[in-house]
Amino acid sequence: MKNNERLYKISEISDIAKVNKTKVWRYIRDNNISERSMKGNAKLYSEHTKDVIIKAFSSESVHLATETKADTSRILLEQIDILKGELERKNDQLDKMQSLLDQQQQLNLSTNRQNEKLLDTTTNNTLSQDDRPLQNDDTDVLNPAKGNYNKGTDTKTPKRSLFCWLRH
C-alpha cells in the first residue's frame, strides 16, 4: 500500500456516487471487490476501486434513465390502446342507447296518436245505452249471472268504449 494513497469507506463512496450505501455494498459484494484495508470494523477501498464503483453507478444511472423512459413510454402506449378500446365500447353503448331512445320516442308518438284518435271517435259519438255506467253493478265475476248463463253457451256483455268515463 502506498502511503500517500487515500482510502475510502463505503459511506464516502456512496456520498460521492450519490447513491444509497446499500447499493454500493451490494455492488462490491456482487463483483467480488476486496477491501484494501480495515480501520476498526470499517472496510477501506482504494482510489481506483472508488473510481470503478462511481463509474459503474454513473453509467448504470444513465442506462436506467434510458430504460425507465423506454418502459414509461411503452406503458403509456399500452394504456392508450386500452383507453381507445374502452372509448370504442362506450361509443357503441351510446349508439345503442340512442337507437333505443329513438324507438321509445316513436312508440310514444304512436301511442299518443292512437289515444288522440280514440278520444276523437269517442267524443264525436253520443252516449249510447252501452256507454252509460251501470247503476246497480253488483255482478261477481266468479259467479255466473243467473239470467246470462245458458248451458254450453256464454253470452257476452257488449264492450264499453275506452274513455266513456270522460264523458260524464
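Buried means under 20% relative accessible area, exposed means over 50%, and partly exposed lies in between (1.4 Å probe, protein chains only). This is a predicted model, in which local features need pLDDT of at least 70, side-chain atom pairs count only at pLDDT 80 or more, and totals for chains, interfaces and linings use all residues. Residues are numbered from 1 along each chain as its sequence is written, and side-chain values use heavy atoms, with hydrogens and water left out.

Q: Is Asn32 buried or exposed?
A: Asn32 belongs to the loop between α2 and β1 (37-39); such helices (H or I, at least four residues) and strands (E, at least two) are DSSP runs, numbered from the N terminus. Its phi is near 50 degrees, a positive value in a residue other than glycine. Because its relative accessibility is 69%, Asn32 counts as exposed.

Q: What is the relative accessibility of Lys18?
A: Lys18 sits in the loop between α1 and α2. Although Lys18 is not a glycine, its phi is positive, about 60 degrees. Lys18 counts as exposed, because its relative accessibility is 75%.

Q: What distance separates the C-alpha atoms of Lys18 and Ser58?
A: Along the chain, Lys18 and Ser58 are 40 residues apart. Their C-alpha atoms are separated by 9.3 Å.

Q: How is α1 oriented relative to α2?
A: The axes of α1 (residues 10-17) and α2 (residues 21-30) come within 8 Å and cross at roughly 110 degrees. Axes are lines fitted to C-alpha atoms, for helices over the stretch in contact, and angles run from 0 to 180 degrees between N-to-C directions. Angles under 35 degrees count as roughly parallel, over 145 as roughly antiparallel, 65 to 115 as roughly perpendicular and the rest as oblique. Therefore α1 is, relative to α2, roughly perpendicular.

Q: Which backbone oxygen does the side chain of Thr122 reach at 2.9 Å?
A: Thr122 is found in helix α3 (residues 47-124) and is buried, with a relative accessible area of 9%. A polar contact is a pair of N or O atoms within 3.5 Å; within protein, one must be able to donate a hydrogen and the other to accept it, and residues adjacent in sequence count only if both atoms are side-chain atoms. A polar atom of the Thr122 side chain lies 3.1 Å from the backbone oxygen of Leu119. At 2.9 Å, the side chain of Thr122 reaches the backbone oxygen of Leu118.
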